[in-house]
Amino acid sequence: MKHLSILGSTGSIGTQTLEIVRQFPNEFKVAGLTANSNSELLLKQIKEFRPKAVAIMDKSKVDDLLNFSSCQVYSGTEGLNKVASLSEADTVVNSLVGSAGIEPTYRAIKNKKNIALANKEALVAAGSVIMEEVKKNNVNIMPIDSEHSAIFQCLNGENKDEAEKITLTCSGGPFRNYTRDQLEKVTAQDALKHPTWSMGSKITIDSATLMNKGFEVIEAHWLYGIDYDKIKVVIHPQSIVHSLVEFHDKSVIAQLGLPDMRIPIQYALSYPKRFQSMQKSLNLAEIKSLEFREPDFEMFPCLRYAYEAGKAGGTLPAVMNAANEAAVYAFLSNRIRFLDIQGLIRRLMDGHNLIKNPTLSEILGADRKVREEARKAIEEICSVKS
Ligand code: NAD
Ligand code: MG
């Protein structure tokens, strides 16, 4: 039986992880849960899954939990780190969103927990530091992201050094057929309508700008130790082929499935076993056609920025991530326009003095500094608008 601490248990990945736990009560037990501010849902989860400890970021919500639950209740960043390092847990599911996930991932690994990782931002910003700790502490990091789960399965039993290239598939997001004029006018509401996946709001915007795919390129680099030149992206609107690996002999192995995150979440938790899934089967005859085409790096420059940041390394990916996060939330609250997101990222990346081989604290320092710079830049944009 695996004992799980689920960070971000109230989110899209967090609640789907709990669905899997509910389906396999003899395989998984919940040791810890955390939420940002949704104390109502967290309380329901506490009552159903009986964790040893929980944490809520928003300290004003602690009393909602203290008065009604018998488990240990922590709060704030320290609380999150405590639940990431619980002695009762052997596996930490990181389903936090954004750079809030960096430090808890690091703490969990230091405390010898295996990681099931949805929070790609942690690897984008701090991949070098995290992967070094993974090696030192001899823990496993299993991807939840569907593309990386696919690559893991394609490489399973193969010699990784015989892989010629890996190709990440990308739905293209809701604006894949838009012109630049159309992109100028899109709203947060338009961007929140993802064609194939139903996800949290930040990753949905990242999917519309293709920054999500850029993040995934960096995530794949760290997870599989593959050079950026060997990581490709192809637009595949149906989201059925989740990714592929081509080997030296030109044989290509792909992994397919319906776009349902419960499949890769379950695999990340059940590996090396495969449990009977309750989800629908894939019927290719029903899907009819699978299309593929090159991504447009000019219309969606965030994908290009991610290759650039990944190749430059150091603190640049953390800066790109922080700039993106600030810009996406400003767009979601209708303070800036869709195309301002890419402009802000470019500007903050250009203004950064890269630190090579950064420590975790230098990465977190760069993250904080860029958020502050982004805040000012967003205010400037808003004052010009009004
Ligand atoms: P979400 O917004 O639905 O959930 C995020 C969770 O983190 C919530 O429980 C929230 O309470 C918590 N949280 C948010 N901000 C926090 C903060 N500052 N401090 C502490 N806790 C905080 O997000 P999601 O869609 O579930 O995505 C989670 C991660 O998984 C992201 O990194 C995303 O890129 C990745 N991912 C998601 C999907 C998907 O289908 N949703 C697919 C692949 C990868
Ligand atoms: Mg993905």
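Q: For the lining of the largest cavity, how do the residues divide into nonpolar, polar and charged?
A: Two are nonpolar, two are polar and two are charged. The nonpolar set is Ala, Val, Leu, Ile, Met, Phe, Trp, Tyr, Cys and Pro, the charged set is Asp, Glu, Lys and Arg, and the others, Gly among them, count as polar. This is a predicted model, where local features need pLDDT of at least 70 and side-chain atom pairs pLDDT 80 or more, while totals for chains, interfaces and linings use all residues. Residues are numbered from 1 along each chain as its sequence is written, chains are lettered from A and ligands numbered from 1 in the order in which they are written, and side-chain values use heavy atoms, leaving out hydrogens and water.

Q: OK, which residues line the largest cavity?
A: Leu 348, Gly 351, His 352, Lys 369, Val 370 and Glu 373. A cavity is a set of points on a 1 Å grid over the protein atoms alone where a 1.4 Å probe fits but cannot get out, and lining residues have an atom within 4 Å of a point.

Q: And where does the largest share of that lining come from?
A: Helix H17, residues 360–385, gives three residues. Helices here are DSSP runs of H or I with at least four residues, and strands are E runs of at least two, numbered from the N terminus.

Q: Is Cys 170 buried or exposed?
A: Buried, at 3% relative accessibility. Buried means under 20% relative accessible area, exposed over 50%, and partly exposed in between, using a 1.4 Å probe and protein chains only. Cys 382 is buried too, with 17%.

Q: Now the ligand: how many residues surround ligand 1?
A: There are 22, each with a heavy atom within 4 Å. The closest are Thr 10, Ser 12, Asn 36, Glu 121 and Gly 200.

Q: What does Thr 10 do there?
A: An N or O atom in the Thr 10 side chain is 2.7 Å from an oxygen atom of ligand 1. With Ser 12, a polar backbone atom sits 2.8 Å from a ligand 1 oxygen. A polar contact is a pair of N or O atoms within 3.5 Å.

Key: 1 Å grid on protein atoms, 1.4 Å probe; cavity = no way out; pocket = protein on both sides within 12 Å on 5 of 7 lines; lining within 4 Å. Polar contact = N/O pair within 3.5 Å; in protein donor to acceptor, adjacent residues only side chain to side chain.
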